[in-house]
Structure formats: structure tokens, C-alpha cells
Amino acid sequence: MGNPIVKKKEKFMETYAPIAFLIEKLVGISAKAMLAQCALETDWGTKVKGNNLFGIKAKKGEPFVGFSSYEYDEDNSLKLQVSKFKKYGSTCESMLDYVRKIKEEGRYYNAWINRDHPALYFEALSDCGYATDPMYAYKCRSVMQSLPEWGE
């Protein structure tokens with residue numbers, strides 16, 4: 001039957017790696033970094049809501065799906081809260097919007113300039129508050145190291 005964790009990771013790569021590697025070729029953002037972050041945010045693609053692969057919150061007037069997630073507060077306490085996450089027409093649209101966000105929103109400037117250096121990229125995302133988890137950069141790096149090989 002095979003290891004279910006390995007199968008989950010392989011299915012994740014089959015589903016999301018083709019577009020991630022295409023985006024890497026087009027704009028230079030590390031496909032492996034995107035895939036690691038996406039895997040962390042969605043539990044290897046098993047918890048994708050509204051086709052949102054990166055936990056992007058909806059802005060006022062944007063389509064959204066509400067669901068609960070754990071967030072760290074200013075005291076570094078983990079709290080369960082319901083948030084409005086941006087809803088996409090497809091997971092490809094989610095990936096493209098993620099890249100646009102990192103490229104165009106000023107607070108992510110240091111991430112964008114380090115888009116081809118995953119360790120620096122993850123640190124920059126963490127430093128600018130992409131996620132509330134103080135261990136976010138470490139977790140992204142760990143997931144990236146566990147990505148299965150894919151026919152690059």
C-alpha cells in the first residue's frame with residue numbers, strides 16, 4: 001500500500017509543482033520555497049479552502065471563505081480565531097496572486113529581492129509579518145527540506 005505520508009506529499013507535488021516551477025522560470029521566485037510555504041499553509045494540500053494556498057486574508061470587498069485557524073497574538077499565545085480568507089477561482093490564480101502580492105506590496109520588498117534564496121526569503125517573510133507564528137521561517141525551511149523530488 002505504501003506510506004500514506006509519502007503518498008500525500010507525492011500527490012501534492014503532482015498537483016502544485018508544475019505551476020510553481022513555471023512561475024519560477026517566469027519571475028525567478030523559488031518554486032521550492034513556494035511549494036514549502038503552500039505545503040505548510042495547507043497541510044500538503046489536504047486543507048485547501050477557497051483555492052487559497054497561502055493563507056492570504058481577504059481585504060474589504062474581496063470574495064472570501066471564513067474558517068478558523070490558529071494565530072499567535074501579541075503575547076505569543078496561540079489562539080483559535082475565525083478569519084476571512086481570500087477566495088480564488090483556482091489554485092493557479094492563488095499562486096499568481098501570491099507572487100503579485102510579494103512583488104508589489106512594499107512590506108515584502110526584502111522577500112522579493114531574496115526570492116531565489118529560500119532561507120533569506122523565509123526570514124524576510126517572517127520579519128515583515130506575513131504570518132503570526134514566530135517559528136514560521138524555521139517551519140518553512142523544514143518543510144522545504146522534506147519536499148519530495150519532482151521532475152524539474
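Biologist: Which helices and strands each supply at least two residues of the lining of the largest pocket?

Modeller: This is a predicted model. As for the general idea, rolling a probe the size of a water molecule over the atoms shows where empty space is left. Here, helix H2 (31-42), strand E1 (64-72), strand E2 and helix H6 (136-145) each supply at least two residues of the lining. Strand E1 gives the most, with six residues.

Biologist: What is the volume of the largest pocket, and which residues lie nearest its centre?

Modeller: The volume is about 950 Å³. The lining counts 32 residues, and those nearest the centre are Glu-41, Ser-69, Tyr-70, Glu-71 and Phe-85.

Biologist: How many of the lining residues are nonpolar, polar or charged?

Modeller: By class, 14 are nonpolar, seven are polar and 11 are charged.

Biologist: Tyr-70 is one of the residues nearest the pocket centre. Which residues form a nonpolar patch on the surface with Tyr-70?

Modeller: Leu-78 and Leu-80 form the patch with Tyr-70, and together the three have about 350 Å² of accessible area. Leu-80 is found in strand E2, which covers residues 78-86.

Biologist: Why does Leu-80 count as exposed?

Modeller: The cut-off for exposed is over 50% relative accessible area. Leu-80 counts as exposed because its relative accessibility is 53%.

Biologist: Where is Tyr-72, and is Tyr-72 buried or exposed, or in between?

Modeller: Tyr-72 belongs to strand E1. With 24% relative accessibility, Tyr-72 counts as partly exposed, since buried means under 20%. For a distance along the fold, take Tyr-72 and Ala-20: they are 52 residues apart along the chain, and their C-alpha atoms are separated by 28 Å.

Biologist: Where in the chain are Trp-44 and Asn-51?

Modeller: Trp-44 sits in the loop between H2 and E1. Asn-51 is placed in the loop between H2 and E1 as well.

Biologist: Is Trp-44 buried or exposed, and how is Asn-51 classed?

Modeller: Trp-44 is buried because its relative accessible area is 11%. Asn-51, with a relative accessible area of 26%, is partly exposed.

Note on methods: Residues are numbered from 1 along each chain as its sequence is written. This is a predicted model: local features need pLDDT of at least 70, side-chain atom pairs count only at pLDDT 80 or more; totals for chains, interfaces and linings use all residues. Side-chain values use heavy atoms; hydrogens and water are left out. Patches are made of residues with over 30% relative accessible area and no salt bridge: like charges are joined within 9 Å, nonpolar side chains (Val, Leu, Ile, Met, Phe, Trp, Tyr) within 5 Å. Accessible areas come from the Shrake-Rupley method with a 1.4 Å probe; for residues, only the protein chains shown count as cover. A salt bridge is a side-chain nitrogen of Lys or Arg within 4 Å of a carboxyl oxygen of Asp or Glu. Helices (H or I, at least four residues) and strands (E, at least two) are DSSP runs, numbered from the N terminus. Buried means under 20% relative accessible area, exposed over 50%, partly exposed in between (1.4 Å probe, protein chains only). On a 1 Å grid over the protein atoms alone, a cavity is a set of points where a 1.4 Å probe fits but cannot get out, and a pocket is an open set with protein on both sides within 12 Å along at least five of seven lines; lining residues have an atom within 4 Å of a point. Grid points are joined across faces, edges and corners, and a volume is the space filled by probe spheres set on the points. Ala, Val, Leu, Ile, Met, Phe, Trp, Tyr, Cys and Pro count as nonpolar, Asp, Glu, Lys and Arg as charged, and the others, Gly among them, as polar.
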